[in-house]
Amino acid sequence: MAAESFSESLEPLLHDDRYQADTVLETDTYAAGTTTYSEYPTRVVENEDLWVYLEGHIYDIEEQSLESELLTAGEHVLTADGTSQYLTDWLLETDGEFLLVAYDKTSGRIGLLNDLLGRLPMYYYHDDETFLFSRELRYIIDALETQEFDPVGVAQCLLFGYSLGKRTLMRRVTRLRPGTRLTFDPDDGVITRTTLHRFDFDQKTAADRSRTQNAAELADRFETACENRAGYGSRDVISLSGGLDSRSVLAGYHVTDTPAIAATMDSDNYVPPSDVDIAEKLSRTFDIDWELYQIGPPKGEDLDMLVKTKNGQIGLLTSFILEFFRKLRADHGSGITYVTGDGGDKALPDLTPTRSIASERQLVDYVIEENSILDLEDVAQLTGLSETEIRRSVRDRIRAYPERDHESKYVHFLLYERGVNFLFEGEDRNRLFFWSTTPFYSIDFFRYAMNCPADQKARYGLYREFLEELAPAAAEHVHPDYRAPVASTRHALAAHVDDLLSRHPRLFETVLPIIRSVNGLETGSTVDSDTIGCIRNQIDQCNAVDDVLSIEDVETFLDSYSERERASIYRVFAITSVVDDIHSSQSVLESRQNTIFG
């Protein structure tokens, strides 16, 4: 690719006027570039033999040692004999969210390495003539002469909100899996992919310790994770809600005397009132500066931004949060570190199925029942694939997991599919504004937490003791799900009832509306007719939608929109919006920048 055309290819990724494009590597064979704002963490180190690019942060290596560490890691990434034990050990000992790219100046080999959890989404494409890789899927889509959607990837994305494993929405465009080394040799055009480590959730090495002992270990590791992540930006801002995860972060910063402020969203449509009330009380308890931001419904420009940057991989229903990010950035700049409680809902609760799973078929049924956004029947009609084909794609993915028992395989699904392929994409959306991180995915904390047995985690048992060990005051405040303090007998009883209900689905469906109403969790689920009209306009103007979805069945689906869940309609909306944006000279959302999507 010519230098001028490569530079031009970066321009669509300049998402606002803070961004600039830079070519960081240019040889006869390769060109590599970045599109970032000035505060975004990247660095290049090199010697006479090796060039290494790092994106993201490594939190537990001193600055004076980092350059040497990166060059050594880069050398091992490019080692031709395929030895990988050094890299495996290095990843297991390294706390960070990063992508490393290494280039051998003599051989021309190039290699990629991501962290153990794959915290920064990465994609690549390879054929006989081309090797493309990018942090943004859209760059690869735009670079290809034909944009061919993967029917199975689309079906999975409609079903769950995300595709599974290495699949994306596009044929032959692959997601780099966590803890992976990928090398490309220009001499033979061959890619070599090595999985360096994959978690096996059958293993529970902390099962021989009491819940109290494990809670103390976790609190200690969590405090270290908070300290390690602090101070990289101009200011640490804790995203504070009323839930347990964000209050844990607040407590971790408080007990380690780590400076920070807290920020909370307020919205009549998207935030339960209890969240704001509890967040305010927590901020007073821990004597932290607290800012409240009122946000309204999103506009077309917000949905359009998510389509262009995340390409249907996170739901358009989350677009309301962009106003919060813009206001936060306006007040504090792009140099802040935005610290969330993401991952707390994965590391500390019991993730095992709430009913006995006796066979692989039952496990596939359970995965679909518990995680689907659209009904399997609807997905089959919309995509033209059979229900059997879609179920088989889920089964085949589950079969690739290392665990032996079905309960642990389900935990693997929640972490490696919903976590890596969906929730991490949401965190990456935050990084369009400022660096975003969470102590819950500190590798030292996460590894220990996932080695604690399910019976200790059940009914918030381990979480409660973890909070009490970390900061008793955090456990004394109300948990909004149960309207009771975490440390109280009432909370333990409510958690027990919740556990019983989850094991008896019919009873749960009966009482769920009552629970939501009592707890103030009803935030509205209807979709306005303007949104339906927008989807119909996309179908009418973009013939390519018919290549991806059955137009007739989409129309039928939309005809019954008043009877459908809001999330299911917006899942279809995400797919039609991506297709329209790729194939239309002006997409419908581009023409409706100021339209309110309530």
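Of the 45 residues that line the second largest pocket, Ala 32, Gly 33, Phe 133, Ser 134 and Tyr 139 lie nearest its centre. A pocket is an open set of points on a 1 Å grid over the protein atoms alone, with protein on both sides within 12 Å along at least five of seven lines, and lining residues have an atom within 4 Å of a point. The model is predicted, and local features need pLDDT of at least 70, side-chain atom pairs count only at pLDDT 80 or more, and totals for chains, interfaces and linings use all residues. Residues are numbered from 1 along each chain as its sequence is written, and side-chain values use heavy atoms, with hydrogens and water left out.

About 1100 Å³ of space lies in this pocket, the volume being that filled by probe spheres set on the grid points. Strand β2 gives the most to the lining, with 6 residues. Helices (DSSP runs of H or I, at least four residues) and strands (E, at least two) are numbered from the N terminus.

Helix α22 comprises 13 residues, 529–541. Its buried residues (under 20% relative accessible area, 1.4 Å probe, protein chains only) are Thr 531, Ile 532, Cys 534, Ile 535, Gln 538 and Ile 539. Seen down the axis of α22, these residues fall within an arc of 155 degrees (taken from the directions from the helix axis to the C-beta atoms), so they line one face of the helix.

Lys 346 belongs to helix α11 (residues 344–347). Lys 346 counts as buried because its relative accessibility is 6%.

Methods
Expected span 1.5 Å × (residues − 1). Buried < 20%, exposed > 50% of the residue type's maximum accessible area, 1.4 Å probe, protein only. 1 Å grid on protein atoms, 1.4 Å probe; cavity = no way out; pocket = protein on both sides within 12 Å on 5 of 7 lines; lining within 4 Å.
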